[in-house]
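I opened the model to look up a handful of local features. My notes follow the structure.

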Amino acid sequence: MIYECLIAPSESPNSLLEVKRALLTYDKVRLVDPGDRDVMPSNAFMSTIMGVPLFGMSMGAVRPMGKVLGYDEIFEKITGSCKPAIKQGLIEIISTYDIPATQGGFTIGGVPTGGYPLNTQFVFWLYRNMAQDQGFLTQAISGSKRRLLENFDLTNELSLKGVGDGGINDIPALPLIDGLDLSREQAGCLTNIARARIASMIKYAGFCEMKNLVPVFNGSVYGNIVAKLLNNAHNVLEEIEEDQYWLKRNRVLEICHEEFLDEEALNSMSIEQVIKLRSTAWGKQAESRESLFSSIGKIALEIDNQSLFQDKSLEVIRKYRKDSESLIRERQDLNFKIKCEMGKATLGGGTAFIGLLSQLSSPLASMGLTLAAGGMWAFDKSKEYVPALKQLKSQEAELKRGAGFGLHEFYSRINQVG
């Protein structure tokens, strides 16, 4: 199958170029409605921290993401340019839940969450764990710190507070980011932006797993968060030395898959021209790409010997490269290239191609399991992983490979995140 995707929003609207790139990679593209800005329905906050859905009551946004001035108007202009693709059902604008259904005021005996598909307790406490870690806070703004500080007056407008950040009974409030030589005002502003990005990554990764979509994250906003998450999950699994299953499962991170294209050439194309590039050759290559990921995952579990694993994987990669030749010829005007090999990529600065698109398979079949391992367990090195991982191992036997992550400008940083 060719996966469908959701482009995760950030403080600025997704660009038309981002949408075009996604149309050239995925069968269908979903954009998030501008009104969908909170990590979860605000009326579910009290029931989430209590652990029992006895009543619903909004105390304000739980962990919202700020938006630049004119966000809605820019979004409308971009989607207006995409009307041919929207009309054909190739682009859809969605919300992660029915927001009006959650805004009916105080409710007793239940909490209407508008079809929010995630477990709010898992989302909230995972967010709290990640947002109290200075490593995640720092990585969340590392790609844009300079820009945010240079435009601090505008940046301050993006810094929204959330009721989910404060103290809860005996649990202290979440900390401010530190160690970056910031004034308290700057630290508070950048912390709120970092928190919003962490929460959004959790929300959209989880939502996409539930809907079998690829979450496409912009590298400059989310790339370092995802890199740290995956490295944490990788390190957690490496500690389970007595179970070869997890060591073999970790091998999927050894495959590097990247696609390059000339963004200037793509930017000059209309949406109609982009749609025409979704040809038969494109469909076959996309199906072959998904087969590549599933095959590598299967080989990783079936073969004990590392050298033999690499040999068998290279056979699959060679077939994939051959299957991709027709598409490369067809898109030569875009300077389209595919890189696929063993070993995590560390792109050099001399590459002649821009507009990198990558898809990364998680070391765990489920995105939710990866979020838990990378975002929660890794903080407590003394915690007993084995019982939980034994349960996950039984779950994995029932799970197929998830949609994974779609990332822009990502692989160049994955080995540089601690």
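The entries below go topic by topic.

**Ground rules.** I am working with a predicted model, in which local features need pLDDT of at least 70 and side-chain atom pairs count only at pLDDT 80 or more, while totals for chains, interfaces and linings use all residues. Residues are numbered from 1 along each chain as its sequence is written, and side-chain values use heavy atoms, with hydrogens and water left out.

**Salt bridges.** I searched the whole structure and got 14 salt bridges. The criterion is a side-chain nitrogen of Lys or Arg within 4 Å of a carboxyl oxygen of Asp or Glu.

I looked at E92 and K28, whose side chains form a salt bridge at 3.1 Å, N to O. E92 is in strand β4 (residues 91-94) and K28 in the loop between α1 (16-23) and β2 (29-32), so this pair ties together parts that are 64 residues apart in sequence. Helices (H or I, at least four residues) and strands (E, at least two) are DSSP runs, numbered from the N terminus. For burial I used these classes: buried is under 20% relative accessible area, exposed is over 50%, and partly exposed is in between (1.4 Å probe, protein chains only). E92 is partly exposed at 31%, and K28 is buried at 18%. I also noted that K28 and E92 belong to a network of salt bridges with E4 and R30.

Next I took D72 and R37, which form a salt bridge with the closest N and O atoms 3.1 Å apart. D72 sits in helix α3 (residues 71-81) and R37 in the loop between β2 and α2, so the pair ties together parts 35 residues apart in sequence. Both ends came out as partly exposed: D72 has 38% relative accessibility, and R37 has 31%.

I recorded both D165 and R63 as buried.

**Cavities.** I found 3 cavities of 30 Å³ or more. A cavity here is a set of points, on a 1 Å grid over the protein atoms alone, where a 1.4 Å probe fits but cannot get out; lining residues have an atom within 4 Å of a point. Grid points are joined across faces, edges and corners, and a volume is the space filled by probe spheres set on the points.

I picked the second largest cavity, which has a volume of about 70 Å³. What lines the second largest cavity? I counted 14 residues, with R37, D38, M65, S200 and Y204 nearest its centre. By class, the lining has 7 nonpolar, 1 polar and 6 charged residues. In this scheme Ala, Val, Leu, Ile, Met, Phe, Trp, Tyr, Cys and Pro are nonpolar, Asp, Glu, Lys and Arg are charged, and the others, Gly among them, are polar.

**Helix α1.** Is α1 mostly buried or exposed? I found 7 of its 8 residues buried, so α1 is largely enclosed by the rest of the structure. The buried residues of α1 are L17, E18, V19, K20, R21, A22 and L23.

**Backbone angles.** Most residues other than glycine have a negative phi. I noted N169, not a glycine, with a positive phi of about 55 degrees. N169 is in the loop between α8 and α9 and is exposed at 80% relative accessibility. I also noted N335, with a positive phi near 55 degrees. N335 is in the loop between α16 (325-330) and β8 (337-342) and is partly exposed at 35%.

**Two distances.** K322, in helix α15 (residues 306-323), is exposed at 58% relative accessibility. I have K322 and Q285 at 9.6 Å, C-alpha to C-alpha, and 37 residues apart in sequence. P100, in the loop between β4 and β5 (107-108), is exposed at 60%. I have P100 and T113 at 9.7 Å, C-alpha to C-alpha, and 13 residues apart in sequence.

Conventions
On a 1 Å grid over the protein atoms alone, a cavity is a set of points where a 1.4 Å probe fits but cannot get out, and a pocket is an open set with protein on both sides within 12 Å along at least five of seven lines; lining residues have an atom within 4 Å of a point.
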